[in-house]
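Please take a moment to look over the protein shown below before reading on.

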Amino acid sequence: MEGQRNSIDLVSCQAIGSNGGKFTDRNPDMITAGKLITMPENTARDCLNIPRVQTPDTVKKFRNFTHPEPQVQRVFYGKAHDPDVASTVTHGVPTWGSLKAGDLVNQDPKTLFNQRYLDKKETLYASKQKAPLGKSHDQRPGLPDRVDIYGTSFGLKNVFDGTAGELVSPDKSYEQVELESMQGKELYKWTHHNFEVGESVDRNYDWSRYPKNSTFGIPTPHENDGKHVYKSLKWLRNDQLDKGTKVVSKRVNDFRERTQPQLGKVHDPIKDTMRVPDDHTFGILIRPDEYGAGDLMHCRVPGTYLRGKERQRGLLAAVRQQLKKANYHNFNDLSAAFRHYDKNGDGRIDINELQECCVQFNLPVDPELLIQLTSYCDANRDGSIDYTEFANFLNWQEKMTSEEKLLAPGTAQTHSPEVISKQIDKSIGEHRTSNSMINAVVGGVCTQGYRTYGVPTIRSDRAAPIVRRISDRTNYGDESNAYGLVNPSIYSNRGVYEKDFFKAREAEEVKNIFGNIGVQMDSETFQKLWTMAASRSQDGTVSVESFRSVLDDTSVPQKLTVQ
């Protein structure tokens, strides 16, 4: 079957190459993955190119009413064969505006005659006579003749005895303010019923026989948590209804079962109308392929497919685990375990010897499972299990010594040793990922010349702005790192930071700073050191750090003393 499949692939590749196709098989010797299917006569383009059905005009005008096109007036046409009258009918009454906005904003200029004529007509109004435009209202007609309209004033003069601040916050003590507020308070209670919190109403009773603050009656029992109020608000009948079983009609119960999802059941509202059994399954049963995705990825040939063999592989894994535990507890090494299995000493284990060992280890295994187990272990298909196949099945290569890996018991040393391999699928082409190559201990790839991506955290490539905004959180290299925060220097504890050392300063200020720490020098020596420090800077400025570096590089002269 494999040869037939390869021949089909080669023929198809040759046919494509001979017909001048777009693709060419560059590896005809490799096994192709996937399933070979026959091409249908119709392509996807033929299925999608369906002739569009034209909408009749009778239907189109109604569709234009329900789903009109953009910027198209929606018109109701009436019945199917009515004449098109609606598109020519205009509803409503036409209106004309009296004045336009342009006429009101830019009015026509009036002549002097029109202005005088308009003023003469407005003189008939009382408001025009008493208060003409541009003048104040004339009050003289309503005043007596003896009143001086310019020197007479009406009303009372306000008496200003204090400011608003003095009225709100008077210059008085707290005791004085309280004493003044108590004056007339009893009268205020009687007129406005303004009593204090918890104060009883004074009804002018005769309190000669009983004290005024006496109380009558029995105190009502109460709880601060409010449980008595809860009992009074919740009736006994409602409490019994909540605890008892709710009675629901059968119609409502059937409706809920049909419309609401039930626990552990499939929600099927139309189950009663379909009249199908509970285990009925809709649809067409498609036969699955005999291979799975893993079989295609690892290029397994027919007969070695693992799809559908999950139960068989699970049983084999369980038997292998039990045999590994039995060998680990009963034998010191794998060679002793193999010699125990090999009863006749021929260097191979047949199915009878394997069954006898399973009985000794209290491992009940069916004969069919033993046949599958032997077939699974027998890699060379000779009907028995040799030492290498036995070690591969138990997966003990990490427990074996180098001599056990090279020599099988019962075989000659002249034979070529067989390498024990783990039971996993190898990668196609033995591909390696770039991550495994970079992090490899042996033969790894050096990443020193690789291009870096992203933005650095410390932007030393950019100059710090002179005026830094509050929202600017960028680190331009002038901020401390995590090490500086955990282990601060003696300068930062005193409030002196790195920017203070590199700040440009005047000569007198630098001389005073070094003089305060005990470095005394005359003017001539200081001027020489200042000139050297200024020559090292591009802009000719001198900071404390640059002057200190010059001072360290220069030998201490006799005129310079350090205290």
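Where in the protein is S384 placed? S384 sits in the loop that joins α18 (367-377) to α19 (387-394), where helices (H or I, at least four residues) and strands (E, at least two) are DSSP runs numbered from the N terminus. Before going further, note that this is a predicted model, in which local features need pLDDT of at least 70 and side-chain atom pairs count only at pLDDT 80 or more, while totals for chains, interfaces and linings use all residues. Residues are numbered from 1 along each chain as its sequence is written, and side-chain values use heavy atoms, with hydrogens and water left out.

Although S384 belongs to a loop, its relative accessibility is 10%, and therefore S384 counts as buried; the word buried means under 20% relative accessible area, exposed means over 50%, and partly exposed lies in between, as found with a 1.4 Å probe on protein chains only. If the neighbours within four places in sequence are set aside, S384 is in contact with R348, I349, D378 and E389, contact being defined as heavy atoms within 4.5 Å.

In the loop between α9 (185-192) and α10 (227-233) we find W207, which counts as partly exposed because its relative accessibility is 33%. When residues up to four places away in sequence are not counted, W207 touches D202 and K212. The loop between α9 and α10 also holds H193, a residue that has a positive phi of about 55 degrees although it is not a glycine. With a relative accessible area of 60%, H193 is exposed.

A further loop, between α14 (293-297) and α15 (310-330), contains T304, and T304 counts as partly exposed because its relative accessibility is 39%. T304 and Y291 are 13 residues apart along the chain, and their C-alpha atoms are separated by 9.2 Å.

The contact brings A507, V510 and K511 of α25 to S523, F526 and W530 of α26. Its residues divide into four nonpolar, one polar and one charged, where Ala, Val, Leu, Ile, Met, Phe, Trp, Tyr, Cys and Pro count as nonpolar, Asp, Glu, Lys and Arg as charged, and the others, Gly among them, as polar.

Helix α25 also meets helix α27 (residues 544-553), and here the axes come within 11 Å and cross at roughly 60 degrees, which means that α25 is oblique to α27. On the side of α25 the contact is made by V510, I513 and F514, and on the side of α27 by V544, F547, R548 and L551. By class, this contact of α25 with α27 has six nonpolar, no polar and one charged residues.

Among contacts in the protein with a separation of 6 or more, 43% come from residues 24 or more positions apart.

Conventions: Axes fitted to C-alpha atoms, helices over the stretch in contact; angles between N-to-C directions. Parallel < 35°, antiparallel > 145°, perpendicular 65-115°, else oblique.
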